[in-house]
Amino acid sequence: MATVAVQGRGEIGLRRALGARGGQIAAQFLLEAVLMGFVGGVAGLVMGGLTVYGYAFAQGWPAAVPLAMGVAGPVVSVLVAALAGIYPALRAAGSSPTDALRSA
């Protein structure tokens with residue numbers, strides 16, 4: 001019997017009880033993980049860039065962030081989020097609606 005994180009159990013149980021298939025639930029959880037990874041990657045890129053440019057400005061140095069790093073940051077964070085989200089998404093997809101609703 002598979003269990004899922006506490007904050008999503010009620011939602012999973014309700015969606016399953018309303019007829020959502022396991023693949024739809026897995027896709028939702030995976031999409032949420034990927035979107036959070038993308039937002040985190042972009043936020044890290046912005047904060048890192050501001051730090052680099054702020055420090056360089058304070059020191060009187062020229063600053064540059066390579067374009068490849070600007071693209072690689074969000075791409076890597078999306079890949080890591082997708083890899084980290086696959087297992088919970090599959091566990092959520094395999095849970096039964098009664099177990100999910102009962103434990104919520």
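These are my notebook entries on a predicted model.

**Ground rules.** I number residues from 1 along each chain as its sequence is written, and my side-chain values use heavy atoms, with hydrogens and water left out. Since the model is predicted, local features need pLDDT of at least 70 and side-chain atom pairs count only at pLDDT 80 or more, while totals for chains, interfaces and linings use all residues.

I take helices as DSSP runs of H or I, at least four residues, numbered from the N terminus. For burial I use relative accessible area: buried is under 20%, exposed over 50%, and partly exposed in between (1.4 Å probe, protein chains only). In general, nonpolar side chains of soluble globular proteins tend to be buried together.

**A93.** I listed the contacts of A93 (heavy atoms within 4.5 Å). Leaving out residues up to four places away in sequence, A93 touches R16, G22, I25 and A26.

**S77.** I placed S77 in helix α3. From S77 to A92 I noted 15 residues in sequence and 22 Å in space, C-alpha to C-alpha.

**G94.** I placed G94 in helix α3 too. G94 counts as exposed because its relative accessible area is 58%. Its C-alpha atom is separated by 17 Å from that of E32, 62 residues apart along the chain.

**Q59.** I found Q59 in helix α2. Its relative accessibility is 40%, so Q59 counts as partly exposed. Q59 and G41 are 18 residues apart in sequence, and I noted 27 Å between their C-alpha atoms.

**Aromatic pair.** I searched for rings of Phe, Tyr and Trp (its six-membered ring) with centres within 6.5 Å; planes under 30 degrees apart count as stacked, over 60 as edge-to-face and the rest as tilted. The count came to 1 aromatic pair. The ring centres of Y55 and W61 are 5.6 Å apart and the planes stand at 75 degrees, so I logged the pair as edge-to-face. W61 is exposed because its relative accessibility is 51%.

**V65.** I located V65 in the loop between α2 and α3. V65 is partly exposed because its relative accessibility is 34%.

Technical notes: Helix = DSSP H or I, 4+ residues; strand = E, 2+ residues; numbered from the N terminus.
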